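Hi,

Here is the structure I promised to pass on. Have a look at it first, then read my notes below.

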Amino acid sequence: MRSLLVIVLAAGEGTRMRSTKPKVLHAVANRPMLAHVLDAALHAGASRLAVVIGPDHDAVAAQVRQAAPQAATFVQAERRGTAHAVLAARQALAEGVDDVVVMYGDTPLVRPETIAALRAPLAEGAAVAVLGFRPADPFGYGRLVTDKGELLAIREEKEASEAERQITLCNAGLMAFDGRVVLDLLDRVSDANAKKEFYLTDAVEIARALGRSAAVVEVAVEEVAGVNSRAQLAEAESILQVRLRARALEGGATLVAPETVFLSADTVIGRDVVIEPNVVFGPGVTVEDGATIRAFSHVEGAHVGAGAIVGPFARLRPGAVLGQGVHVGNFVEIKAADLAPGVKVNHLSYVGDASVGANTNVGAGTITCNYDGFRKHRTTIGANAFIGTNTLLVAPVSVGDGAYVGTGSVITENVPEDALAIGRARQVNKPGWAVRLRERLSAGLAPKK
Ligand code: UD1
Ligand code: MG
């Protein structure tokens, strides 16, 4: 197998994003664009990864460490063109690999199979391969000058002749190079052009002048959509959502109205899961086989066990772990809580920083009072317990296995197993009291008409 070095250019300023955050850290499907690119590179079999970042891009370097700890980062101190950026990773290039692929950190939709397709011409002897596409408006892109499928040159907008500007096949930006000659090619690139930049794209003509060939691999526009603005970020999001929904459907889930379901790049959905309309999955969610997520639920950082039913209108927050067959109903919020198999929390409740044992029923309007203004405290409820409606559990507190808590209780002390706890004012009935009240209050008033 040919070894692969992927160099990701992530030095972009992204001024059109109007953001304090570096562009490549903006997220699609709740994952930074740069992490998508690194992920694709790894899945394409990159044995080495290099990321070129701008000066003062500590946050970008931190993201690289998190998404791909094995990647080396290189700083391009000055922006002097795409070839100059690639050469910032000279040390990685000099280590010697079979194939070198250059990707952009702001082009997050490229799939591993596209990287593989781009490399294919190298195995057949090409020195350079370029990913081509046909944008609706080619303005600003490098035009691919070809002859009978053979790539002759890439002409940047500013250098292109009138005839070359008519070419609709454009450079998407991704390029692959024969690793044995890449440094030689790039060291020959000059900045004698309209932008006074070292163009990576010049490598095509340089390779041909040295008697080597160059190839184009054409892909769909969606694959290479680049992000320069918030509007393009939203477009990339919608393209990726279409793909993620298709993946869930192919995996055996039913999405009643797929276009209304929003997934994260890392959402894991099992077979025979049913997802009703208008459900949002934040990062870190796993839904096991046969579970149902009913309409208008918001789920993040949660594990939903097999056959569980969530919603409608439920909110699962990070650390919610629902066992098999758990029911979490409408207007229920679960956070950092373990619900063992068979637990039911069906209505209007907040269960946070808690564990609930198997088959326990948590009545409507139950609240775990977990926060005292300074710290969070835990509530522990055993198995087969029954928490009456409108109970307040003031943590830290525990309810034993099989215990009952009377409706409307404020529980501040631990409840032993199989006990009944009632923590509410005793009811007093005063016969005839209402009649006497009405007589007193209506004295001297005209009778009601
Ligand atoms: C580049 C290509 C063009 C292609 C287009 C696709 C060149 C010379 N031109 O043009 O053929 O159609 O991309 O979008 O390569 N970068 C750095 N350091 C630099 C310059 C650029 O890291 O000094 C990074 C940018 O952050 C960006 C990428 O390289 O991610 C492309 O740079 P950009 O200036 O956008 O190039 P284009 O003019 O769009
Ligand atoms: Mg650009």
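Let's start with the record: UniProt, in an unreviewed entry, lists residues 6–145 as "domain: MobA-like NTP transferase". UniProt positions follow the numbering used here, feature names are shortened, and annotations may be inferred rather than shown by experiment. That span is 31% helix and 24% strand, and its end C-alpha atoms sit 25 Å apart.

Before going on, some ground rules. This is a predicted model, where local features need pLDDT of at least 70, side-chain atom pairs count only at pLDDT 80 or more, and totals for chains, interfaces and linings use all residues. Residues are numbered from 1 along each chain as its sequence is written, chains are lettered from A and ligands numbered from 1 in the order in which they are written, and side-chain values use heavy atoms, leaving out hydrogens and water.

Now the whole protein. It has 10 helices and 35 strands (DSSP runs numbered from the N terminus: H or I of at least four residues for helices, E of at least two for strands). Its radius of gyration is 31 Å, well over the 22 Å that the globule rule gives for 449 residues, so the protein is more spread out than a compact globule. (The radius is taken over C-alpha atoms, and the rule is 2.2 Å times the number of residues to the power 0.38.) The C-alpha trace spans about 105 × 60 × 40 Å along its principal axes.

S229 is buried, with a relative accessible area of 10% (buried is under 20%, exposed over 50%, partly exposed in between, with a 1.4 Å probe and protein chains only). Leaving out residues up to four places away in sequence, S229 touches R16 and M17 (contact means heavy atoms within 4.5 Å).

Cheers
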